[in-house]
Amino acid sequence: MNKIHIDKERSGIMEPLSVRMRPNTLDDFIGQAHILHKKSLLYQSIKNQTFDSAIFFGPPGTGKTTLARIIVGELDANFHELNATTTGTKELKEIIDYAKKTKYTLGYKPTYVYVDECHRWNKSQQDALLKALEEGTIKFIGSTTENPYFAMNPAVLSRVRAIYELKRLSIEELSKVLIRAINDPHGLGNYHISMSQENINLIANLCNGDGRIALNTLEFIVKSLGKDAKIEKDTIIEAMQQRVNYYDREEDKYNYLSALQKSIRGSDPDASILYLAYLIEGGADIQTIGRRLLVIASEDIGLASPNAISIVLSCIQAAQMVGFPEARIILAEAVLLLACSPKSNSSIVAIEKAAADIRSRSIDPPPAHIMDAHYSGAKKRGIGDNYLYPHDFGGYVKQQYLPDNLYKEKRSYYNPSENGSEKSIKERLEILRKR
């Protein structure tokens with residue numbers, strides 16, 4: 001019988017690029033530096049082979065499965081991988097029974113059970129883990145895209161050593177992943193790929209922190225174009241099925257951020273929401289937009305609506321938790337709140353005015369009566385003498401706080417507006433100054 005040679009790559013049997021490029025060691029793992037730096041407890045527990053049960057949760061494509069496999073490889077343990085969507089209690093009990101039988105045998109290795117999408121197991125399925133975890137028969141590694149504090153049985157959580165949150169990969173991290181795949185012979189190293197760093201960053205920017213999407217998109221483009229692939233921006237846009245021509249240069253992003261801030265400052269909600277949409281559709285991430293909104297809340301809204309910064313911060317945190325596309329709704333709420341709020345720039349004017357004085361002129365030291373008097377010898381120097389404790393006078397008493405030369409000039413930095421809540425601040429200060 002003649003043997004038939006099958007070209008796996010041509011037949012489509014070849015594993016996806018995202019699978020082929022999975023790292024096998026901690027040093028090759030990209031991302032999650034907040035939990036996996038070399039001085040972290042997680043890293044040390046793996047290297048010292050003291051790693052216990054854990055749950056990894058975070059968005060898709062952040063390395064949960066890869067990290068679980070690397071950990072077990074470092075520990076030289078028996079590894080069983082299950083997916084909660086396709087396996088249940090029967091398979092788990094078989095693994096537990098085998099682990100019990102081999103626990104006290106020669107050449108024993110600990111048994112780790114990795115369950116992907118572990119939140120999909122119902123309560124009774126999760127309960128099947130409890131006794132085995134308690135007795136140390138198995139170690140459990142779970143991964144989930146859901147918050148385990150809500151999605152998992154509390155009894156299971158109490159028996160798990162640690163819960164680690166994995167975050168979306170940054171553009172820089174995804175760029176490293178893509179470059180490695182382009183150069184690695186197990187990846188696309190045998191192709192002749194011509195691609196600028198700008199276009200690598202474009203793929204990274206459009207993948208919303210998902211390494212799997214980034215790699216499989218790159219592979220789709222390369223295989224579609226052939227061995228001598230020259231990858232341009234238009235091809236990436238077509239492959240990602242997204243329009244990204246809202247801004248073409250990096251500086252355009254800052255132009256739209258500037259337009260957003262000036263529209264909010266001008267209390268135009270329609271223009272503000274338009275520029276937010278430009279930024280989101282153009283690929284700006286939540287952190288970039290969020291930073292600017294927090295600046296606006298302080299610089300342009302300020303004490304006219306002092307709660308605005310707290311609300312905006314809550315919106316940004318919520319947006320980061322849910323991710324796009326839903327995050328756009330939360331960001332829109334923050335932008336509209338700011339655009340419709342009363343405005344005051346008194347905070348930035350005050351700090352800039354004070355800083356300018358410090359940089360440009362000589363200023364006397366603070367008055368002796370408000371200097372630190374909590375040390376021996378302070379009294380002999382006259383430090384703290386004649387300080388009036390405002391709470392002894394109903395919360396306010398008139399005394400000098402500015403340095404002598406500024407006090408004599410009656411120097412003022414903060415001039416409250418009459419907008420929103422700041423009007424009441426202005427009125428209170430005027431009453432205090434008349435006492």
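Where is the place of T137, between α8 (130-135) and which strand? I opened the predicted model and found T137 in the loop that runs from α8 to β4 (139-144).

**Entry: T137.** Leaving out residues up to four places away in sequence, I listed what T137 touches: I96, A99, K100, K103, T111 and A132.

**Entry: domains.** I noted four parts: domain 1 (32-165), domain 2 (171-245), domain 3 (250-340) and domain 4 (362-434). I also looked up the separation of domain 1 and domain 3, and their C-alpha centres lie 39 Å apart.

**Entry: nonpolar cores.** Next I went to the largest nonpolar core, which has 28 residues. The residues with the most contacts inside this core are L178, I193, M195, I203, L218, I231 and I236. Two or more residues each come from α11 (171-183), α12 (197-206), α13 (211-225) and α14 (233-240).

**Entry: cysteines.** How many disulfides did I find? The count comes to zero. I checked C315: the closest cysteine sulfur, in C340, is 13 Å from its own, so the pair is too far apart for a bond. C315 counts as buried because its relative accessibility is 6%, under the 20% cut-off. I also looked up C207, which counts as buried at 2% relative accessibility.

Notes:
Residues numbered from 1 in each chain as written. Predicted model: local features only at pLDDT ≥ 70, side-chain atom pairs only at ≥ 80, totals over all residues. Heavy atoms only, no water. Disulfide = S-S within 2.5 Å. Buried < 20%, exposed > 50% of the residue type's maximum accessible area, 1.4 Å probe, protein only. Helix = DSSP H or I, 4+ residues; strand = E, 2+ residues; numbered from the N terminus. Contact = heavy atoms within 4.5 Å. Domains from an automatic or database assignment. Core = buried A, V, L, I, M, F, W, Y, C linked by side-chain atoms within 4.5 Å.
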